[in-house]
Structure formats: C-alpha cells, structure tokens
Amino acid sequence: MSQTVSSKSTFGFQAEIKQLLQLMIHSLYSNKEIFLRELISNAADAAEKLRFLALADESLLAGDSELKIWVDYDPKARTITVRDNGIGMSREEVIEHIGTIASSGTRAFLKSLTGDAAKDSQLIGQFGVGFYSAFIVADRVTLETRKAGAPAEEGVRWESSGQGEYTLETVFKPERGTRVTLHLKPEEDEFLNGSRLREIIKKFSDHIPLPILMRKEDGSGEEVVNRALALWTRPREEIGQSDYEEFYKHVAHDLQPPLAYLHSRVEGTTEYTLLLYIPSHVPFDLWDREPRHGVKLYVKRVFIQEDSKLLPRYLRFVRGVIDANDLPLNVSREFLQENRTLERIRAGAVKKVLGMLEELAQNQKDKYQTFWQAFGTVFKEGIIEDPKNRDRIARLLRFASTYDPAASQNVSLQDYLGRMKAGQEKIYYLVAENYQAAKTSPHLEVFRDKGIEVLLLWEPVDEWLVAHLPEFEGKPLQSVAKGELDLGKLADANEAKAQELVEQAFAATLAKVKHVLGDKVKEVKLSRRLTDSPACLVLEAYGLSRRMESLLKAAGQTILTASKPVLELNPKHLLVKRLEDESNPQRFADLCWLLYDQAVLAEGGQLEDPAAFVRRVNELLQEALKDGEASSAGSA
C-alpha cells in the first residue's frame, strides 16, 4: 500500500486535455470496453521499455525479472485496477505524459473527430490518448507509479475526476511500475464481473506477449487469462484471421482492421520473422517528419525499439513486427544504422512488402485501389529512394489518364503499354498544378485529336517521379508540355509540310510578338500541339517547371537561372489571326499579353498583374460589342 510522503498539489489541464476529457465523459459510449484494451496496451509498452533498458542496466529489474500485468476488480469498492511491474514514471514524466501532454497527438485527435461517436471511438489509441479512455467508464481515476531504479520514497500518485484539474503527490511505493485504479460510474456495473473482464481480455489482448493475471473466481490464487505468447512465433496454421487483426490493432494503435498482412519466417544465413501490415486508412502521423509509430524491432522476442526507419521512408505506413535472431541484444540506434545483418533484413522485408502489394494489384484490385488512394502519394517516393526496386515499384504505380478521365488513378504503366497505338514509341505524360488543370490542358489537344493516351499527374512528388523514371520496359517517358512535339511514326507528313508554309508566312508576326513580350519568353513559335486553344507555354526538354521551381524555393534551394518558356500560338485561332492584321501598336501589344496570360492561366499558373489582364479582356469585349452594334446598324 502506498503511503503519502508529501502534500497534494493541484494542477489544471491544458485546454486540449479538457476538451478530450469532456469527449470521453459525455460522448464516446459506443465501444466502452476499449478502456481495458488501452490500459493493458500501455502496461505492455511499459514492460517492453523496461526489458530493453535492462539489457544495459540489469539493476533496473531489482531481482524481479518476470514482467507481468495484473487486472483486478472490487465490487464493494466499485473499482477496476490494472497494474504492471514495467518501467514506471517519475514525477516529471507523469506531468508530461498524463497531466499536460504537450504533444501533437491530442490536437491531432481532436482535429480528426467527426461528431459521430461510433467513428470517433475508433480513433482512441491511434493518437496516443488511450489512457483517457478510462474516463468513459470511471468518474475518478487514480494512478500510482514509481520509476524503475528510483527509491521507494519517489513514488507518485496522480488523481483526477476529469473535470479540468488533477492532483499530484509524492508517495511511498515499495514496488516499481504503475497501478491505474478506475472508480466506476454508477451505471457501469457490467465491468465489475470477472467473466466480463476475461471476455474483454480474450477479445482484445490475448496476443500480448506478457502474462495477464487475474484472481481465480474461487479465490484460490491467480491465473493467466491470455496466451501470453508472441503471435508471430506461433505456426501460421494455428493463427486465425481474427488473431492477426487483433494483434494489428494492438501494434498499430488502430481499431479498424488492416487492409492486408504478411507473416513470414526467413531462414538461412540470416534468420528473422516478419509480421507486417498495411493499414486500411491513412495514419494521422503519416506526414510528420518524425512519425511516432512504425515497425517494432525484436531480437529473439525481446523488444528493442519502434522505428519508422526500419523500412524505407516510402513504406512508412507499414506497421508490424520484425523479430531477428542474428542481432545482439545490447544493440544501439547507431549500431542499427550501420549493421549489415539489419540491412539484409530490411532488404528482405521490402521485397516481401512489394510482393504483398503485387498480389493485391493482381488478384484483389479493389483492395489495391483502396491502398493507392490512401498511400499512393507516399509510395511514389520509392521511385526516387529505392533504385534497386525501381522496376517493381514502377509496375505498381497508378495514374489518371485521358483514357480514363476520372481522377481515380487506376491506370498502370502496363495498361498504358497495352493500349499504345501502332507505331507509338513513347509513353506520354503531363504534369500540371492540379487535376482540373491537367484534364483541361491545351497541351492535350493534338493527342486527343489523334487518339493518343496521355497520363495525367498533378501531385508535388510527380515532378521528381518522372525525373527518376526515364523509361518503362524500353519505352521512354515524354512530357507533352516540354520540348519539341515529337510524335514519331504517328506524325502526319502532309501536316508537317503545311505547317512549314504557315510558319514562313507568320515569321514576321512571331518576331513582333517576341519583341513585345521580351524576356518573359525564350521564343515565340507556331504550335503543332494546339487544335482549339489560341496559345500555350512549353518548357525546354530539361527545363524546370514553374511548380518545380516553387517547390525548390520552398525547400530553401537557390534557383540560379529560371526557365523561360516558349510561347506557342495556334495559327488557326481567330485571336492569333487578328495579330497579323492588327496595325495599332497598343492593341497589338495588348493582344500579345492577353495570349501570354491566357497560356499562364491554362496551366494553373498565377498572373503577375491580374488587373491588367482584366482590363485587356474588357477592352477586347467592348470592341467586339461595338463591332456587333455597328454591324446591326448597317443591316438595319
């Protein structure tokens, strides 16, 4: 029994914590039993941390090396207690992790709430706020803890009714670890029942690789109520899908089942076991610079660390366990970064994950589409990060295209090759500012006219992707918005000859347009890619796009020489024809700038002087209206 050795101090919760507690107390009733899963999961994490630290400092175990979790209940006192002999917490850690939580997890959790209690209850645990689920069933929670290695006089008691404040006091606590006592609300009698608690433990925590003990119903002692065996060490034929799903929910802090998983034991010069999962939705920390969750590394079933870097960054959404036999137990982070055995394990794990995705892509297309919608943007980074597996990754990429103009991104490069026209030698693509700009880009006009499919890309990573994927299965990738239009054998020789004649007739006009626009453009020429639009901007074959320039600037890179585009004009369009006949220098200049600004807007760019563009458009409209009125008066 803990004894108080200092007076109580009262603290106020942060605003975010107050909001979170009110949610727990008043809203989340749809899945109350998760409180026990969360408290047991926290206890298991505390035991794993102690086991790892004890590898370097065995004195932390203080002769008590059998790590366990205890669950007890008292119908008379109306309490449930979850206790562990894990790492425990100091006073400062209690304030940091329970009292104030100055981490992004709580804020991210609150931002993710939908207002639907059933859906919101699924988020608990995923954001690291699982401890607070105790307030779903309790009107008062008491936590007593002592850090391993600290003296008994440095125990800490934390207590709160969830109403905005908590108390903290130093207590005498003989044993290390943490004890959480829930004082149940009057309406929560169902949890003051041993059979009900055992049912919940079996449902949610059977896979915890630590013994969970409860008093026997006849009072004759304690019994282990879970299997207490690491799931990944069991033969696959003994494990059901529900077992795999429950373990995923524990290891990923997610109440939704995974999209797919693999369980594999690799033997040979390097022996290890993989149990890896792909989530069915985007984890909240996917875009954090330092994600808090990743793959857990074990050595001979001893937890070493959880690290999002055990797999390459482009696979950072993967959750699960890697258990190695050939690594030393007293391993450091620096050692792991340079260890060749771990590098072989990492390479093997990557191949297994890619194999799992290939199986989904081939045999479970709906699931693969779910994966791509959630993680496709991240997965594309693999083309840049993982050159050894570039071909395999490329086959798993999915795009939107002019063949399937919906933004569903379900076209593979193999699909594209299978639909290429006879004589087509290149894979054509367009990178734009957004999907709408890609779908309506004037650069697509000649390709639509000739029935040539073009891949549509618009995500920031796509600029880097195409830069690192010059070809696929022998077919070069070619941007339709860069360099000279080269249709190869698909080009029409008669059209080319006619174009040359028109270019000769337009030469003087093109020179005048270039003079007006000055250094805004590198060149002005007639277009072979436009059929309907009056103008478009084309970059040099290896020039940086506006978007790439802005991305590099945002990343702190200096752009020494900005790319100047080529302005291409459509000689069949009335506005371009008007240039040839315009004798008024001001109106000619206004038309030139109008065509240039239209081309900028068409590719999703921003105008430097929107007011001037509006003025020019208005003047052109007024002129057209006057011509129309004069024509009507003449007819009358």
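Me: What pLDDT does the protein chain average?
Reply: The chain averages a pLDDT of 86, and 84% of the residues score at least 70. pLDDT is the predictor's confidence in each residue, from 0 to 100. This is a predicted model: local features need pLDDT of at least 70, side-chain atom pairs count only at pLDDT 80 or more, and totals for chains, interfaces and linings use all residues. Residues are numbered from 1 along each chain as its sequence is written, and side-chain values use heavy atoms, with hydrogens and water left out.

Me: Where is pLDDT below 50?
Reply: One such stretch is residues 101–106. Beyond near neighbours in sequence, that stretch has 19 contacts in the model (heavy atoms within 4.5 Å). Residues 120–128 also stay under 50, and there the model has 41 contacts beyond four places in sequence.

Me: How should I read those coordinates?
Reply: Where pLDDT is low, the predicted coordinates should not be read in detail.

Me: OK, salt bridges. How many does the structure hold?
Reply: It holds 44. A salt bridge here is a side-chain nitrogen of Lys or Arg within 4 Å of a carboxyl oxygen of Asp or Glu.

Me: Which residue does R346 pair with?
Reply: E343, at 2.6 Å from N to O. Both lie in helix α9 (residues 340–363), three residues apart, about one turn of the helix. Helices are DSSP runs of H or I, at least four residues, numbered from the N terminus.

Me: Is R346 buried or exposed?
Reply: R346 counts as buried, at 17% relative accessibility. Buried means under 20% relative accessible area, exposed over 50%, partly exposed in between (1.4 Å probe, protein chains only).

Me: And what about R578 and E623?
Reply: Their side chains meet in a salt bridge, 2.4 Å from N to O. R578 lies in helix α19 (residues 574–581) and E623 in helix α21 (residues 610–635), so the pair ties together parts that are 45 residues apart in sequence. R578 is partly exposed at 26%, and E623 is partly exposed at 22%.

Me: Which residue does D590 bridge to?
Reply: R615, with the closest N and O atoms 3.9 Å apart. D590 sits in helix α20 (residues 585–602) and R615 in helix α21, so this pair links parts that are 25 residues apart in sequence. D590 is buried at 10%, whereas R615 is partly exposed at 36%.

Me: Which residues do shared partners join into one network?
Reply: E33, E190, R196, E199 and K203.

How values were computed
Helix = DSSP H or I, 4+ residues; strand = E, 2+ residues; numbered from the N terminus.
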